[in-house]
Amino acid sequence: MGKGNHIFASRWFILQKITSTCKRRFHESSSCATLPTFDAKILARGFHEVCGGGTSLTEELEHILDPEDQGWESSTNPMTCIYRVPSTMRQVNRKAFDPSIVSIGPYHYGVERLQEMEKLKHTYFRHLFQPNYHDQLDDEVAVLQKKKAVNDAKKAMEELEAVARSCYSEQSKLKSKEFVKMMLIDGCFIIGLLRDSLQSDFEHTPSIIRRWMLPTLRQDLIKLENQLPLFVLRKLFQLTQAGTTCHEKPIAGWELEALALRFFKPLLRGHDDVLTRPPQHYAPKHCQSSSIKHFLDLFHYRISPDCSTRSVVQLPRRGKQTKQILSIQELKEAGVKLKFTTDPTRKPLDITFGRGSWGWGKVLTIPRIHIADHRGTLFRNMVAFEKCDPNCHQDVTSYLFFLDSLINSAKDVGILHYYGVMHHSLGSNRKVAKLVNNLCKEVSPAVSKSYLYKVVRDVNEYYGSKYGKIRGFLVHHHFSSWLVGISTLAACLALYLALVQTGSSVASARERLHEHTTFKDFLKEALLYGHISKWGLGNARNLQQKAVVSGSTENMNHLPRIDMQYCVYYLV
């Protein structure tokens, strides 16, 4: 008997002991005369429901202890990469995670409101395995080729079924036949849509679908719960490459990842970006193809600031970030300059902070970002994937908290828009600020491993320096606007002129003083002028009155003149 069986047997014995003790004590208490009969029946019935009946408490607890009951441990499978969105994040914005018009994968399979798109899936399936159907080539060779291609695809999906099921965190209740059919139909729909978009140069709407469908399809195909494993799509892409007709553009130079990145590119930068890029520009670099799990992971990897640090073994440039950055208005007041970059070699999340040109000032460089209605859907699903997948770096989470701290009001959005860092199509800056601030609701920041920890640390150190504090105080209180600045300059000019006038008055008064008067005497005169003048003037008047009363004209002639300045000199 193994160790696990010994543990299970001991646990079963303990449970049996507990339940038998409870039964014995209950029967002893129920036989007591002081207990009413009605209450005893109720207690007996309740105890029977818990410990007896069809399923006893012991059996339920034994089922929990059963090693075959994986429970929560099933979601920790290393192959798991497609998750259910956490309920806390879904409550903030449910529409951002649920598909709008098309379901991909088992999570939303069979939803009634999404059944209209099944016809479009079947259309793409026919186009993929019967590309020459419009030429009406119904000979036996074409029929056999079509059947063989479908058969090969079906067998390939059957071989990948077990591995594909393990990629989902929630076990699918679909039977084997339904699951294989789902992978085949959904995968062929995605491959056909990408090839159809290539034929229209990714600029125009493909011929099969309608115009209003394309933006919504992009959003649906990038959602976390609406994914197929990428190895399934790669297999179908390889099996259907031979079905290209002579009327279509060759796809030999395009890999599946490059087609997908080119298809989803409008979700990030808008339609005004350069569209005539070669296939090599969209091909993922510096990564193993097996490390990318699905389209959302592919897009997340593409915008990551350091694609070369994909492996967990390597040490990425990430660190602990305990504080968030200040708002852009406060940074501008402290002297931080803003700069946008359109360098195609830089990633959309690559943010830097350093000295400006000629070594003057500090510059915060942010790649240009375009905010639209679909941007919230893209970011929310990326954050959900980062929070669910243990091997995924939380770069988008750090980036969104960075933007959330930079933008506190519509004025901050206006500053970013003025310097060309942010463009939007939401109608007002207030809506943009509300959208950005709501992206981080019910989300915890990536404190331990943030790729922006150094940028935030350097910016906060600069803002906390003496120069940053003094400049921020002066700009915030005295130069917040041009009107306040003019008033401050006018007040400074008035103060300067007052000081000049005071200095001139002091200089002229000093000239009238005694030639040998020292600075000490000058201060004594200035400080005691009021008291001495009043006292001296009173004594001079008393002497004058005495002289008048005595009638002595001589004394009158010799009396000092009643003059303020004379009294001061006379008494001091």
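**Reading a helix and its neighbours**

A: Begin with burial: in α18, the residues V432, A433, L435 and V436 are buried. Keep in mind that this is a predicted model.

Q: How are the buried residues of α18 placed when seen down the helix axis?

A: The buried residues of α18 fall within an arc of 165 degrees, so they line one face of the helix.

Q: Which exposed residues does the face turned away from the buried side of α18 carry?

A: That face carries R430, K431 and K434, which are exposed.

Q: Where does S428 lie?

A: S428 lies in the loop between β5 (422-424) and α18 (429-438).

Q: Why does S428 count as partly exposed?

A: Partly exposed covers the range between the buried cut-off, under 20%, and the exposed one, over 50%. S428 has a relative accessibility of 27%, so it counts as partly exposed.

Q: How far apart are S428 and G414 in sequence and in space?

A: S428 and G414 are 14 residues apart in sequence, and their C-alpha atoms are 9.5 Å apart in space.

Q: What does the chain come to in secondary structure, and how much of it is buried?

A: The chain has 25 helices and five strands. Of its 572 residues, 40% are buried. The chain exposes about 34,000 Å², with 56% of that supplied by carbon and sulfur atoms.

Methods. Residues numbered from 1 in each chain as written. Predicted model: local features only at pLDDT ≥ 70, side-chain atom pairs only at ≥ 80, totals over all residues. Heavy atoms only, no water. Helix = DSSP H or I, 4+ residues; strand = E, 2+ residues; numbered from the N terminus. Buried < 20%, exposed > 50% of the residue type's maximum accessible area, 1.4 Å probe, protein only. Arc of directions from axis to C-beta. Areas by Shrake-Rupley, 256 points an atom, 1.4 Å probe, with all protein chains shown as cover.
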